Amino acid sequence: MEIPLDLARTLAVVIDEGTFDAAARRLRITPSAVSQRVKALEQQLGRVLVVRSKPVRATDAGAPIVRLARQVALLEHDALAEFGLDEASARPISLALAVNADSLATWFLPALARVGERHPVVFDLHRDDQDFTAGLLESGTVLGAVTSQSAPVAGCLVRPLGVMRYEAVATPVFAERWGLAPGVGRVASLAAAPLVDFDRRDDLQREHLSAQGIDPDGPPRHFVPASSDFATAVKLGLGWGMLPAFQSADELERGALVRLDGDPIDVPLFWQQWNLRSNLLTAVADELAVEARTALARP
């Protein structure tokens, strides 16, 4: 059995765009034609490939077809570039990558900017917690990901990047108000003081509390689901939180933030990408490694 690549590409566009109508606009055909192509592929393979929700998503059977379409598109782009054909520069390829919020807000984008200066590429970035970005590789949603997972996803290569180190910090006013300065009663105070969580999957503050022998579900918490806004919330005194040095070093130096008791939390980061001989993916990996060497701590 063969997989018709034109139909596989159509399926990938549907998943990328989220609706059949949006895919039709991108492919410059009618929504009915898009639907017919997907149905034809499903009939040929004997599997349902798309969950027709809003947005649509690939089924478990559809994920490897989407992954195949993206791999072929990447290899085709590299081949055209090596031949020096006009299509390689006239039609930039879209590269889907996954990254955690703190990396995206701090060190990740400069590396991509350097790649974009040398290669015809646009980036489709997917933001998720570093503990979950590897799942986007497994599903075929992205070609590469910054992840905390050191074990390679099936069919992927892995490269260590470094460590993102987080420290518990607060404003001096907040620390004084809630009795968080080092000394008697600090643990009891931390159990009552408001904290800032990124979202309900953010475990950093919970890990810090557990290390102090405090019930991590006890303190009241704010939820601020954007990296820069999360840091701003801590710096405005809404609560204490775990911040990387990128977002706290200047304030700590001038006394606008103070460190709370407890050890830093190190989050190792890795780059995982599909195991393809792709000049473009290699360029992305190399630039990320260069940026990480200066931006991240060593293990």
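**Reading cores, rings and a loop threonine**

Guide: The largest nonpolar core here has 53 residues, and Leu95, Trp107 and Trp240 have the most contacts inside it. A nonpolar core is a set of buried Ala, Val, Leu, Ile, Met, Phe, Trp, Tyr and Cys residues joined through side-chain atoms within 4.5 Å. Helix 14 (residues 279-295) supplies the largest share of this core, 7 residues. Another core, of 20 residues, lies apart from it and includes Val13, Val14, Ala23 and Ile65. This is a predicted model: local features need pLDDT of at least 70, side-chain atom pairs count only at pLDDT 80 or more, and totals for chains, interfaces and linings use all residues. Residues are numbered from 1 along each chain as its sequence is written, and side-chain values use heavy atoms, with hydrogens and water left out.

Visitor: How many aromatic pairs does the structure hold?

Guide: A pair of aromatic rings is described by the distance of the centres and the angle of the planes. Rings of Phe, Tyr and Trp (its six-membered ring) pair if their centres lie within 6.5 Å; planes under 30 degrees apart count as stacked, over 60 as edge-to-face and the rest as tilted. The structure holds 2 such pairs. Tryptophan 107 and phenylalanine 108 are edge-to-face, at 6.0 Å centre to centre and 75° between the planes. Phenylalanine 174 and tryptophan 178 form a tilted pair, with 6.2 Å between centres and 40° between the planes.

Visitor: Is tryptophan 178 buried or partly exposed?

Guide: Buried means under 20% relative accessible area, exposed over 50%, and partly exposed in between (1.4 Å probe, protein chains only). Tryptophan 178 is partly exposed at 25%, whereas phenylalanine 174 is buried at 3%. In the other pair, tryptophan 107 is buried at 1% and phenylalanine 108 is buried at 0%.

Visitor: Over which ring does the charged end of arginine 200 sit?

Guide: A charge sits over a ring if NZ of Lys or CZ of Arg is within 6 Å of the ring centre and within 35 degrees of the ring normal. For arginine 200 the ring is that of phenylalanine 223, with the charged end 3.9 Å from its centre. Arginine 201 lies over the face of phenylalanine 132, 4.0 Å from the ring centre.

Visitor: Where is threonine 59 found, and what does its side chain reach?

Guide: Helices (H or I, at least four residues) and strands (E, at least two) are DSSP runs, numbered from the N terminus. Threonine 59 is in the loop between strand 2 (57-58) and helix 4 (63-83), and at 15% relative accessibility it counts as buried. Its side chain reaches the backbone oxygen of valine 48 at 2.6 Å. Leaving out residues up to four places away in sequence, threonine 59 touches (heavy atoms within 4.5 Å) Val48, Leu49, Val50 and Val51.

Key. A polar contact is a pair of N or O atoms within 3.5 Å; within protein, one must be able to donate a hydrogen and the other to accept it, and residues adjacent in sequence count only if both atoms are side-chain atoms.
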